Amino acid sequence: MVSILIIFGSTSGNTELVCDEVSQVLREKKYKVVVQRAEQSTPSDINKYTYCILASSTYGQGILQDHMLKFIKKCSRANFKDKKFAVIGLGDNKYNTEYIIESAKILEKKITENDGVLLTPSLRINKTPVLHLEDTIKTWAMNLSKKLK
Ligand SMILES: Cc1cc2nc3c(=O)[nH]c(=O)nc-3n(C[C@H](O)[C@H](O)[C@H](O)COP(=O)(O)O)c2cc1C
């Protein structure tokens, strides 16, 4: 069975909400989906699933959310050869106009540097609250589901 692991880093819950929304759409499409906090994840979890979605908000001067930052550091020697990924990045230009949703860029770079493959353009969420973006999130998840086999 095709399985999808969503690993997220979230401080105030926005990224978690987006991941829950994405997981609902994918489950409706009959995929097995596991949503897991970055602080409870290890790099070896990724290879237990067919696909992996990495999701993180942006903090500081355009850095990953703290738990995702630690997780990604643990992935420095991981081999994602041919593993297929998607990325969800959150940010808000009211905090920083130079590094808006930098989390998506950082995750994309990490995945490709470790020989992983990006399945689809990343979902980028600017501004909070995020639930008014329900349609954007659902459309992205539907498009992603069409690329899964
Ligand atoms: C102290 C602080 C710094 C932030 N820095 C950035 C930033 O550099 N770039 C950006 O796009 N968003 C930035 N944000 C916005 C967050 O990424 C955004 O609010 C996000 O929705 C938080 O998601 P979370 O609740 O999942 O952690 C910052 C927010 C805070 C509170």
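I began by reading along the sequence, and I noted that the protein follows the pattern β-α-β-α-β-β-α-β-α-β-β-α. That gives five helices and seven strands in the protein, and I kept in mind that I was looking at a predicted model.

Next I looked up the overall extent, and I wrote down that the C-alpha trace spans about 40 × 35 × 25 Å along its principal axes. I then checked the radius of gyration, which is 14 Å and therefore agrees with the value near 15 Å that a compact globule of 149 residues would have.

I turned to one pair of helices, remembering that two packed helices are described by the angle between their axes and the distance between the axes. Helix α1 (residues 14-28) packs with helix α5 (residues 134-147) at an angle of about 45 degrees, and their axes are 9 Å apart. On the α1 side I listed Val18, Glu21, Val22, Val25 and Leu26, which meet Glu134, Ile137, Lys138, Ala141, Met142 and Ser145 in α5. Sorted by class, the residues of this contact are seven nonpolar, one polar and three charged.

Last, I looked at the ligand, which is surrounded by 23 residues, the closest being Ser10, Thr15, Ser57, Gly91 and Asn96. I found that α1, β3 (51-59) and β5 (84-91) are the elements that give two or more residues to this shell, and that β3 gives the most, with three residues. By class, I recorded six nonpolar, 15 polar and two charged residues in the shell around the ligand.

Conventions:
Residues are numbered from 1 along each chain as its sequence is written. This is a predicted model: local features need pLDDT of at least 70, side-chain atom pairs count only at pLDDT 80 or more; totals for chains, interfaces and linings use all residues. Axes are lines fitted to C-alpha atoms, for helices over the stretch in contact, and angles run from 0 to 180 degrees between N-to-C directions. Helices (H or I, at least four residues) and strands (E, at least two) are DSSP runs, numbered from the N terminus. Two residues are in contact if their C-beta atoms, placed from the backbone, lie within 7 Å. Ala, Val, Leu, Ile, Met, Phe, Trp, Tyr, Cys and Pro count as nonpolar, Asp, Glu, Lys and Arg as charged, and the others, Gly among them, as polar. A residue is near a molecule or strand if its C-beta atom, placed from the backbone, lies within 6 Å of it. The radius of gyration is taken over C-alpha atoms; the globule rule is 2.2 Å times the number of residues to the power 0.38.
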